Amino acid sequence: MAIQLFRFLLQGSGTTRRHAIICGKRHFTMSMSLSKTISDATTTVRESMKSALSMGMSIGGGREKDVGTLLYQDLVPWNNTGNKETHEFLQRLVLILLDFIDKTNDRNEKVLDFHHPDQLLEVMDMTLPDDPQNLDQLLTDCKDALKYQVKTGHPHFYNQLSCGLDTISMAGEWLIATANTNMFTYEIAPVFILMENFVLKKMREIIGFPNGDSILAPGGTISNLYAIITARHKKFPRYKTDGLRALDSEICMFTSEHCHYSIKSAAMVTGLGTDNCISVPADSKGRMIPSELERLVLQAKGKGKIPYFVNCTSGTTVFGAFDPINEIADICEKYNLWLHIDGAWGGSVLLSKKYRLPRFAGVEREVITRQNIH
Ligand SMILES: Cc1ncc(COP(=O)(O)O)c(C=O)c1O
């Protein structure tokens, strides 16, 4: 949850804003040229870290025992005098991570140093030893884990769903891992809880909802499941206590034939049954055909079923098609159906002045709507 929140925050629109979030209020107006100065300084620090480490010295100066020979219990919190060693270990790790980032952004590097599983097992020992390994071994394992990893941020990586390595988001993930907290209550995560409220309020404003409430979800599949359950609860509040007995008849839902398969899975796990998740034909561009939706709603009613939910996909998984929200919302209003928008693929288009319309025309309408954006 916390990681998601930070991704959201740190993937803000402008460079200045991103840096402001990372560095705090004082740097809110940090300019590009200041960023450059910081980046030059970072390079210098990195060079001196490298040479100090290669000479077996601690960062603070002075020749010391090589941390590589130490074990995890020599670091804090196990050894409360181990701050220096802990810093040095982490700085070595950071160098490995920075090296991976450099390679990721280098067009001359391979996207993947591919090995078949048996070859990979020859160069990496995956067995879990009973005894603790020294820090050198841990660092070697980290290096190897990245060496044989796909560089999903590489300019020549063209596989689906990955879109580069966003440095600021990654920095946010480092920060979140270091904070190592959860989002249960304000007491355990005061800053992140407030941030969550601000982020979600801003998202609602971007969508065009003046009021409302929101939660962060760990992905599109679970967001779709939440929506289907929430809609059922709205229409049949007694379902919570009475279960299936709360339903007067079979209930059914509608979605485009190009929707993500998580919609059908949700119909299965919520007890509707996949036959009650009715596929609506799409046009040649992959968009749901509203007149077909209406026809199928009437057909289901004619069979004694209770239509209650329509999923509108904004960005279908394969075609990237956007179902027409306004026309679908009209039908939802007419037949009192819950309208859910699955924006897992295309929801970020809401942030674009250029592409938002016509794809999201109608998104702000006062129909019962839920968004799921990732
Ligand atoms: C349109 C759509 N909905 C839902 C999902 C599922 O999202 P997740 O993989 O985060 O569960 C995807 C995934 O690609 C998707 O494209």
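Reader: Where does P77 sit?
Author: P77 lies in the loop between helix 3 (32-54) and helix 4. This is a predicted model. The peptide bond from V76 to P77 is cis. Its omega is near 5 degrees.

Reader: What is the peptide bond from L357 to P358, cis or trans?
Author: The bond from L357 to P358 is cis, with omega near 5 degrees. P358 belongs to helix 14 (residues 356-359).

Reader: How do you know whether E85 is buried or exposed?
Author: Count its neighbours. E85 has 20 other C-beta atoms within 10 Å. The cut-off for buried is 20 or more. E85 therefore counts as buried.

Reader: Which residues does E85 touch, leaving out those up to four places away in sequence?
Author: E85 touches V67, L70, D74 and L75. Take D74: it is 11 residues from E85 in sequence, and their C-alpha atoms are 7.7 Å apart. E85 itself is part of helix 4 (residues 83-104).

Reader: What makes K285 buried or exposed?
Author: The count again. K285 has 10 other C-beta atoms within 10 Å. Exposed means 12 or fewer. So K285 is exposed. K285 lies in the loop between strand 2 and helix 12. Its C-alpha is 7.8 Å from that of F319, 34 residues away along the chain.

Reader: Why is N180 called exposed?
Author: N180 has 7 C-beta neighbours inside 10 Å. The limit for exposed is 12 or fewer, so N180 qualifies. N180 is in the loop between helix 7 (167-179) and helix 8 (190-207). Its phi is positive, near 50 degrees, and it is not a glycine.

Reader: And N336, buried or exposed?
Author: N336 has 10 other C-beta atoms within 10 Å. That falls under the limit of 12 or fewer, so N336 is exposed. Its phi is also positive, near 55 degrees. N336 lies in the loop between helix 13 and strand 4 (338-343).

Reader: How do you know what span helix 9 should have?
Author: Helix 9 (residues 220-235) has 16 residues. The expected span is 1.5 Å times one less than the number of residues.

Reader: What about helix 12?
Author: Helix 12 (residues 290-302) has 13 residues. From first C-alpha to last it reaches 18 Å, close to the 18 Å expected. Its buried residues are L293, V297 and A300.

Reader: Which residues are closest to the ligand?
Author: G219, G220, T221, H260 and A344 are the closest of the 12 residues around the ligand. The shell divides into 2 nonpolar, 9 polar and 1 charged.

Reader: Where does pLDDT stay under 50?
Author: Over residues 1-42. That stretch has 55 contacts beyond four places in sequence. Over residues 56-61 the pLDDT is also below 50. Where pLDDT is low, the predicted coordinates should not be read in detail. The mean for the protein is 84, and 80% of its residues reach 70 or more.

How values were computed:
Residues are numbered from 1 along each chain as its sequence is written. This is a predicted model: local features need pLDDT of at least 70, side-chain atom pairs count only at pLDDT 80 or more; totals for chains, interfaces and linings use all residues. pLDDT is the predictor's confidence in each residue, from 0 to 100. Two residues are in contact if their C-beta atoms, placed from the backbone, lie within 7 Å. A residue is near a molecule or strand if its C-beta atom, placed from the backbone, lies within 6 Å of it. Ala, Val, Leu, Ile, Met, Phe, Trp, Tyr, Cys and Pro count as nonpolar, Asp, Glu, Lys and Arg as charged, and the others, Gly among them, as polar. Helices (H or I, at least four residues) and strands (E, at least two) are DSSP runs, numbered from the N terminus.
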